[in-house]
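Hi,

Here is the structure I said I would pass on. Have a look at it first, and then read on for my notes.

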Amino acid sequence: MSRVPRRRGSSGFYHVIIRGVGKQVLFERRGDRVFFLKILERYSIETETKLIAYCLMENHVHLLVCGAMENISLMMQKIEVSYSGYFNRHYERTGHLFQNRFLSEAIDNQRYLLTVFRYILNNPVKAGISAASAYEWSSYLLYGRAGSIVDTSAVQTLIGSWEDYETFIGRANDDDCLEYDGYCKDDEWVSKVIERETGEKSGIAIKSYDKESRDKAIIMLRLAGLTIRQIERHTGISRGIIQKAK
């Protein structure tokens with residue numbers, strides 16, 4: 001079976017995730033994370049891929065990047081090959097370390113760019129590990145820092161000062177983001193869910209329903225696993241209406 005082509009966005013911003021095969025732990029000790037960050041910086045520079053944010057969890061990694069998808073794919077290939085070789089040598093293991101190819105989601109507007117940025121930095125909070133500001137293996141403390149591995153200029157223009165940034169990260173997200181176990185939930189999957197749940201080949205048809213039927217369809221899609229953003233994008237129905245559907 002051929003691979004589903006990656007969705008490309010016009011903005012050049014992407015949320016990228018890599019995960020350990022079978023939930024394999026990727027980082028056993030501090031030195032592993034240090035090595036990963038070194039090659040992340042090296043290959044982002046080599047491939048001219050701008051790194052906006054990162055967070056290293058135990059068995060997966062979140063990245064917010066900007067660049068051509070071809071360059072991003074090359075960067076991720078280099079990282080996976082280099083880190084797999086390093087990890088297998090150090091822990092005397094063989095075989096694949098990462099689960100399939102990396103996950104990616106195109107970011108198509110400024111609102112969602114900020115949502116993904118905050119989501120990535122809040123992963124330690126979500127996992128119950130620590131406050132975002134106390135987690136050593138994310139780019140939280142690098143906001144606005146010149147010469148660091150990340151370039152936060154794109155989000156700085158939208159967020160503002162360090163005080164504004166702290167307040168912003170501390171707020172809850174009102175959008176769902178790509179999860180590390182959500183690879184199958186691409187546009188093709190969304191379309192299949194819409195057709196299965198509503199009988200419509202295109203989600204746009206739901207927009208013309210009467211209010212009661214429309215809200216019922218929205219609820220069905222939410223219960224079937226679609227996010228607010230997926231429903232909004234595939235049906236053309238506004239976020240406010242989706243959130244109010246009961």
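Predicted model: local features only at pLDDT ≥ 70, side-chain atom pairs only at ≥ 80, totals over all residues.

Staying with Ile169, its relative accessible area is 3%, so the residue is buried. If you skip the neighbours within four places in sequence, Ile169 is in contact with Phe117, Arg118, Leu121, Asn122, Ala132 and Tyr140. There is also Leu114 to look at: 55 residues separate Leu114 from Ile169 in sequence, while their C-alpha atoms are 9.5 Å apart in space.

Now the overall picture. The protein chain has 10 helices and 4 strands. Reading from the N terminus, the order is β-α-β-β-α-β-α-α-α-α-α-α-α-α. The C-alpha atoms fill a box of roughly 60 × 50 × 35 Å along the principal axes. For 246 residues, a compact globule would have a radius of gyration near 18 Å, and the protein chain agrees with that, at 19 Å.

- Burial: 47% of the 246 residues count as buried.
- Contacts: taking those between residues at least 6 apart in sequence, 73% join residues at least 24 apart.
- Surface: the protein chain exposes about 12,600 Å², with carbon and sulfur atoms supplying 50% of it.
- Charge: there are 35 positive and 31 negative side chains, and the centres of the two sets lie 1 Å apart.

Next, the rings. The structure holds 15 aromatic pairs. One of them is Phe35 with Tyr86, a stacked pair at 4.1 Å centre to centre with 10° between the planes. That pair links distant parts of the chain, as Phe35 is in helix H1 (residues 30-46) and Tyr86 is in helix H2 (residues 69-90), 51 residues apart.

Tyr83 lies in helix H2 and Phe98 in the loop between H2 and strand S4 (103-107), so the pair ties together parts that are 15 residues apart in sequence. Tyr83 counts as buried at 0% relative accessibility, and Phe98 counts as buried at 8%. Ring pairs also link these four residues into a cluster with Phe27, Phe36, Phe87 and Tyr91.

Last, some backbone angles to check on your side. Most residues other than glycine have a negative phi. Which residues have a positive phi although they are not glycine? Lys23 is one of them, with a phi of about 65°, and Glu92 is another, with a phi of about 50°. Lys23 is found in the loop between strand S1 (13-19) and H1, and Lys23 counts as exposed at 60% relative accessibility. Glu92 has its place in the loop between H2 and S4, and at 77% relative accessibility Glu92 counts as exposed too.

Cheers

Note on methods
Residues numbered from 1 in each chain as written. Heavy atoms only, no water. Helix = DSSP H or I, 4+ residues; strand = E, 2+ residues; numbered from the N terminus. Rg over C-alpha atoms; globule rule 2.2 N^0.38 Å. Buried < 20%, exposed > 50% of the residue type's maximum accessible area, 1.4 Å probe, protein only. Contact = heavy atoms within 4.5 Å. Areas by Shrake-Rupley, 256 points an atom, 1.4 Å probe, with all protein chains shown as cover. Lys, Arg positive; Asp, Glu negative; His and termini not counted. Charge placed at Lys NZ, Arg CZ, Asp CG, Glu CD. Phe/Tyr/Trp six-rings, centres within 6.5 Å; stacked < 30°, edge-to-face > 60°.
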